[in-house]
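Visitor: Please take one part of this model and go through it closely, strand by strand and residue by residue. I would like to know what pairs with what, and what packs around it.

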Amino acid sequence: ATGKGYLLFPGPFVEELDIEVLSTWLSQTRFLYLSGCKSSEAGFVFELARLQIPGVLGFRWPIEDHAALKFARQFYQNLFQKAATPCLESAFLSTRRDMRAEDQKNQIWAAAMLILQGAD
C-alpha cells in the first residue's frame, strides 16, 4: 500500500529497511540471488539494479517455495558443476531450459529473470 518493500530477518522484531540503506550494505556485492516470497519480484529486482548491484536474479511474480528451491539447486549446479569457468548467463539459461523440460505446467522458468550490468 505504501509502495515500500521490507526485508525480513528472523527474530523477535521486524523493522522497515529502506532499500537505499540495503544497497549501501550490498555495495561490494557482485551477484544477489533473491528467491524469497515477494522480495524477488520484478520491482525489487529492478530497484536493486538501479542502485548499482551488478547482478540480480529474481522472479517476475511470487513463486512456490518448493519450485524456488528446485530452481536454486539447479541454477547453482549449472553454475558450478557443468562449466570449467562459472558463467551466470549460461547457468541461468540452462536452468530455465531444465525447469521447462522437467515440468511445463509450472512456469517458474518463465518467471525467472537475471539482470546484469557491467561496470562503467
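Guide: Leu32 stands opposite Val56 in E2, and Tyr33 stands opposite Leu57 in that strand. E1 covers residues 32–33, and E1 and E2 pair in the parallel sense over 2 bridges. On the E3 side, E2 and E3 pair in the antiparallel sense over 5 bridges. One of the residues involved is Gly55, whose bridge partner in E3 is Leu116.

Taken together, the 3 strands form an open sheet in the order E1-E2-E3, with mixed pairing. In general, strands of a sheet pair through backbone hydrogen bonds, in either the parallel or the antiparallel sense.

Now for the side chains and burial of E2, which spans residues 55–59. Gly55, Leu57 and Phe59 point one way from the strand, while Val56 and Gly58 point the other way. Since 5 of the 5 residues of E2 are buried, the strand is largely enclosed by the rest of the structure.

Part of the packing around E2 involves helix H3, residues 65–80. The buried residues of H3 are Ala67, Ala68, Phe71, Ala72, Gln74, Phe75, Asn78 and Leu79. Their cover includes E1, E2 and E3 as well as H4 and H5. The geometry of H3 can be checked: at 1.5 Å a residue, its 16 residues should span 22 Å, and its end C-alpha atoms are 23 Å apart, which agrees.

Helix H4 also packs against E2: the buried residues of H4 meet E2, H3, H5 (108–111) and E3 (112–116). Those residues are Ala91, Phe92, Thr95 and Met99. Seen down the axis of H4, they fall within an arc of 100°, so they line one face of the helix. On the other side of H4, Arg97 and Ala101 are exposed. The same length check applies to H4, which runs over residues 88–102: its 15 residues should span 21 Å at 1.5 Å a residue, and its end C-alpha atoms are 21 Å apart, which agrees.

Asn78 is found in H3, and its side chain makes a polar contact with the side chain of Thr95 at 2.9 Å. With a relative accessible area of 5%, Asn78 is buried, and Thr95 is among the buried residues of H4.

As for the setting, the protein chain has 5 helices and 3 strands, which run α-β-α-β-α-α-α-β from the N terminus on. Of its 120 residues, 34% count as buried. Among contacts with a separation of 6 or more, residues 24 or more positions apart account for 60%.

Last, the confidence. The mean pLDDT of the protein chain is 82, and 82% of its residues reach 70 or more. Confidence is highest in H4, at a mean of 94, and lowest in helix H1 (residues 19–25), at a mean of 77. Where pLDDT is low, the predicted coordinates should not be read in detail.

Notes. Residues are numbered from 1 along each chain as its sequence is written. This is a predicted model: local features need pLDDT of at least 70, side-chain atom pairs count only at pLDDT 80 or more; totals for chains, interfaces and linings use all residues. Side-chain values use heavy atoms; hydrogens and water are left out. Helices (H or I, at least four residues) and strands (E, at least two) are DSSP runs, numbered from the N terminus. The expected span of a helix is 1.5 Å times one less than its number of residues. Buried means under 20% relative accessible area, exposed over 50%, partly exposed in between (1.4 Å probe, protein chains only). The arc is that of the directions from the helix axis to the C-beta atoms. Contact means heavy atoms within 4.5 Å. A polar contact is a pair of N or O atoms within 3.5 Å; within protein, one must be able to donate a hydrogen and the other to accept it, and residues adjacent in sequence count only if both atoms are side-chain atoms. pLDDT is the predictor's confidence in each residue, from 0 to 100. Two strands pair if DSSP finds at least two bridges between them.
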